[in-house]
Amino acid sequence: MKKRYIYAVLFGVPGLVISLGFALLVFGAGAGFLWIFVYGDNPWPAPAEKLLPALFALAFLAAWLMVTVAGFIFGKRLESKSGLSGRHILGSVVATVIPAVVIILHQYGVGNLGTKHVSVVCGDFCRSKGYSASVMPPRDSNDRTCTCLNSDGSEAINIPLD
């Protein structure tokens, strides 16, 4: 197989994750621009709701295509040399793994992965029993109880978390 295709893959695989991050930034900037300068807090029209996902997809595909084409061109320039560089393969693997690990660590840090915070467990319990809300005492009070509230805001049940 020619190096141009190998390097297109070596650049393209980590380019997926990098392009996703770039597309999220473009999406956020576009949404922020529309919110601050165009629509504000007023209801947004339907075309704006279709524009943002299209902007995301366009930014993602354009960035991924540019990264893959850059790999193709880089590989084409290296075709005169024999063999593959282990450093390039290692660089591609690292450029693929590090963003994935950063994403996983971020999701773990915000609570989407791993054990749920006690306040989330309390809220889930109260909702499963049909109560409209839950409250917990401050963390520094050392009181580990979950209180479920009725629809009028009065205390319905008080459960120890242990």
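Contact here means heavy atoms within 4.5 Å. The legends below describe close-up views of a predicted model.

**View 1**
F27 belongs to helix 1. Not counting residues up to four places away in sequence, F27 touches L52, P53 and F56. With a relative accessible area of 31%, F27 is partly exposed. The C-alpha atoms of F27 and A57 are separated by 9.1 Å, and the two residues are 30 apart along the chain.

**View 1. I6 and its contacts.**
I6 is also a residue of helix 1. Once its neighbours within four places in sequence are left aside, I6 is in contact with M1 and L84. A29 lies 23 residues from I6 in sequence, and the C-alpha atoms of I6 and A29 are 34 Å apart in space.

**View 2. Packing of helix 1 on helix 3.**
Two packed helices are described by the angle between their axes and the distance between the axes. For helix 1 (residues 3-39) and helix 3 (residues 86-109), the angle is about 10° and the axes are 8 Å apart. Angles under 35 degrees count as roughly parallel, and helix 1 and helix 3 are therefore roughly parallel to each other. On the helix 1 side, the contact is made by Y7, L10, V13, P14 and V17. Helix 3 contributes H88, I89, S92, A95, T96, P99 and I103. Of the residues in this contact between helix 1 and helix 3, nine are nonpolar, three are polar and none is charged.

The loop between helix 2 (46-77) and helix 3 contains S82. S82 has a relative accessible area of 74% and is exposed. K3 is 79 residues from S82 along the chain, with a separation of 9.4 Å between their C-alpha atoms.

**View 3. The disulfide of C122 and C146.**
The whole structure contains two disulfides. In one of them, C122 is joined to C146, with the sulfur atoms 1.9 Å apart. C122 lies in helix 4 (residues 118-128) and C146 in strand 2 (residues 145-149), so that distant parts of the chain, 24 residues apart, are linked. The angle about the S-S bond is 80°, and the link of C122 and C146 is right-handed. C122 and C146 are both buried.

**View 4. The disulfide of C126 and C148.**
C126 and C148 form a disulfide in which the sulfur atoms are 1.9 Å apart. The link of C126 and C148 is left-handed, with -80° about the S-S bond. Since C126 is in helix 4 and C148 in strand 2, the pair ties together parts that are 22 residues apart in sequence. C126 and C148 are buried. Counting bonded cysteines along the protein chain, the disulfides follow the pattern 1-3, 2-4.

**View 5. The buried side of helix 4.**
C122, G123 and C126 are buried in helix 4. These residues cover an arc of only 95° around the axis, which puts them on the same side of helix 4. The buried residues of helix 4 pack against strand 1 (133-135) and strand 2. Just after helix 4 comes G130, which takes a positive phi of about 95°.

**View 6. T145 in strand 2.**
T145 is placed in strand 2. Buried means under 20% relative accessible area, and T145, at 17% relative accessibility, therefore counts as buried. Apart from its neighbours within four places in sequence, T145 is in contact with V135, M136 and P137 as well as with N158, I159, P160 and L161.

**View 7. N142 in the loop between strand 1 and strand 2.**
N142 is located in the loop that runs between strand 1 and strand 2. Most residues other than glycine have a negative phi. The phi of N142 is near 60°, a positive value in a residue other than glycine. N142 has a relative accessibility of 70% and counts as exposed.

Definitions and conventions:
Residues are numbered from 1 along each chain as its sequence is written. This is a predicted model: local features need pLDDT of at least 70, side-chain atom pairs count only at pLDDT 80 or more; totals for chains, interfaces and linings use all residues. Side-chain values use heavy atoms; hydrogens and water are left out. Axes are lines fitted to C-alpha atoms, for helices over the stretch in contact, and angles run from 0 to 180 degrees between N-to-C directions. Helices (H or I, at least four residues) and strands (E, at least two) are DSSP runs, numbered from the N terminus. Angles under 35 degrees count as roughly parallel, over 145 as roughly antiparallel, 65 to 115 as roughly perpendicular and the rest as oblique. Ala, Val, Leu, Ile, Met, Phe, Trp, Tyr, Cys and Pro count as nonpolar, Asp, Glu, Lys and Arg as charged, and the others, Gly among them, as polar. A disulfide is a pair of cysteine sulfur atoms within 2.5 Å. Buried means under 20% relative accessible area, exposed over 50%, partly exposed in between (1.4 Å probe, protein chains only). The arc is that of the directions from the helix axis to the C-beta atoms.
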